[in-house]
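Visitor: I have a protein model open and would like to learn how to read it. Where do we start?

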Amino acid sequence: MPELPEVEAARKAIEENCLGKKIKKAIIASDAKVIDGVSPSDFEAALVGKTLISAHRKGKNLWLQLDSPPFPSFQFGMAGAIYIKGVAVTKYKRSAVNDTDEWPSKYSKLFVELDDGLELSFTDKRRFAKVRLLNNPVSVPPISELGPDALLQPMAVDEFYKSLCKKKMPIKALLLDQSFISGIGNWIADEVLYQARIHPQQSASSFTKESCATLLKCIKEVIEKAIEVEADSSQFPNSWIFHSREKKPGKAFIDGKKIDFITSGGRACLLVLDNSLCTRVAKAERKPNFKEKKQ
């Protein structure tokens, strides 16, 4: 699903192309599963005539500040995507709408035309996204319930270490908890754990300060690189395990090592087993005793 880099690419595209322009026309889909808590007609009336002032993101959520409230907010779900006609915006593979498809797409949930003729659409093929109209998006769920943004609000090593000491859950499950850190999803979690050489099932409470520092460094590097290439996965480094995500079990290798596909916390994980991970695997498969916990 779209994660922090994909949503940030959408925010940046809006910031660079749409700000300062007035909404001339709005069309909201009659889809109560996605359009949350407001009728299409009321939503449209709240947008038309308003000027786009700024675009904001926290975690995987995006919202647009207009010259007066309420403001449209977008929770991307599994396949949400922003399209701007005539502007190249990174397409998340599973949510991509082809350039040759009708415009706006039949999957469009919100469509606006700006006063200079530019057109923007939020699409959702799988209908797990949420589009809301909110007076103050940061003060209400889901944004108010999010933990610090993984890019904009990085934790200090000491703070991160103290937080992990209190958590007995596997580290990958913790990274996916948006109330702990927001913006990290399945592919980023797999990537940073691979780059840090950390087993996804290692208990968070077993981490040392050194391993916390390594993990924070990898989170920063992976997210910043993904944003640098505007979430275009074809430009991700060849050394990333990301490129093996679509390969079949038993046929995926990196640096000559076999990639195992396991499940942790109900989510699929990519795991490369080598000697440096053996002790972590052992720790992940047994409960730490009291002495280990104190250390």
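**Reading the model, feature by feature**

Guide: Start with one side chain. Lys24 counts as exposed, at 55% relative accessibility. Keep in mind that this is a predicted model.

Visitor: Which cut-off makes a residue exposed?

Guide: Exposed means over 50% relative accessible area, and buried means under 20%. Values in between are called partly exposed. Now look at Glu113: its relative accessibility is 17%, so Glu113 counts as buried.

Visitor: What joins Lys24 and Glu113?

Guide: A salt bridge between their side chains, with N and O 3.9 Å apart. Lys24 sits in strand 1 (residues 23-28), while Glu113 belongs to strand 6 (residues 108-114). The pair therefore ties together parts that lie 89 residues apart in sequence.

Visitor: How many salt bridges are there?

Guide: The count comes to 16. Another one pairs Arg132 with Asp36, where the closest N and O atoms are 3.1 Å apart. Arg132 is in strand 8 (residues 130-134), and Asp36 is in the loop between strand 1 and helix 2 (40-47). This pair links parts 96 residues apart in sequence. Arg132 is buried at 13% relative accessible area. Asp36 is partly exposed at 33%.

Visitor: Which residues form a network of salt bridges?

Guide: Five residues are linked that way: Glu8, Arg11, Glu15, Arg57 and Asp149.

Visitor: Now the fold as a whole. How many helices and strands does the protein have?

Guide: Count 8 helices and 11 strands. Of the 295 residues, 48% are buried. The accessible surface is about 14400 Å², and carbon and sulfur atoms account for 49% of that area. Then check contact range. Take the contacts between residues at least 6 apart in sequence: 65% of them join residues at least 24 apart.

Visitor: Show me a residue with contacts like that. Is Leu62 buried or exposed?

Guide: Leu62 is buried, with a relative accessible area of 0%. Its place is in strand 3 (residues 61-66). Set aside the neighbours within four places in sequence, and the contacts of Leu62 include Val7, Arg11, Ile14, Arg57, Phe74 and Ile82. Arg11 and Arg57 also belong to the salt-bridge network. Glu8, another network member, has its C-alpha atom 8.3 Å from that of Leu62. Along the chain, Glu8 and Leu62 are 54 residues apart.

Visitor: How do I read helix packing? At what angle do helix 5 and helix 6 pack?

Guide: Read the angle and the axis distance together. Helix 5 (residues 186-196) and helix 6 pack at about 125°, with axes 9 Å apart. That angle makes helix 5 oblique to helix 6. Their crossing is right-handed. On the helix 5 side, the contact residues include Trp187, Ile188, Val192 and Leu193. Helix 6 contributes several residues, among them Leu215, Cys218, Ile219 and Val222.

Visitor: Which residues does a cis peptide bond join?

Guide: Pro69 and Pro70, with omega about 5°. Pro70 is found in the loop between strand 3 and strand 4 (71-75). The peptide bond from Pro141 to Pro142 is also cis, with omega near 5°. Pro142 lies in the loop between strand 8 and helix 3 (157-165).

Visitor: What about positive phi values?

Guide: Arg197 is one case: phi is about 55°, and the residue is not a glycine. Arg197 sits in the loop between helix 5 and helix 6, and is partly exposed at 30% relative accessibility. Ala231 also has a positive phi, near 60°. Its loop runs between helix 6 and strand 9 (253-254). Ala231 is buried, with a relative accessible area of 6%.

Terms used
Residues are numbered from 1 along each chain as its sequence is written. This is a predicted model: local features need pLDDT of at least 70, side-chain atom pairs count only at pLDDT 80 or more; totals for chains, interfaces and linings use all residues. Side-chain values use heavy atoms; hydrogens and water are left out. Helices (H or I, at least four residues) and strands (E, at least two) are DSSP runs, numbered from the N terminus. Buried means under 20% relative accessible area, exposed over 50%, partly exposed in between (1.4 Å probe, protein chains only). Contact means heavy atoms within 4.5 Å. Accessible areas come from the Shrake-Rupley method with a 1.4 Å probe; for residues, only the protein chains shown count as cover. A salt bridge is a side-chain nitrogen of Lys or Arg within 4 Å of a carboxyl oxygen of Asp or Glu. Axes are lines fitted to C-alpha atoms, for helices over the stretch in contact, and angles run from 0 to 180 degrees between N-to-C directions. Angles under 35 degrees count as roughly parallel, over 145 as roughly antiparallel, 65 to 115 as roughly perpendicular and the rest as oblique. A crossing is left-handed if the near helix is turned anticlockwise from the far one by less than a right angle, and right-handed if clockwise.
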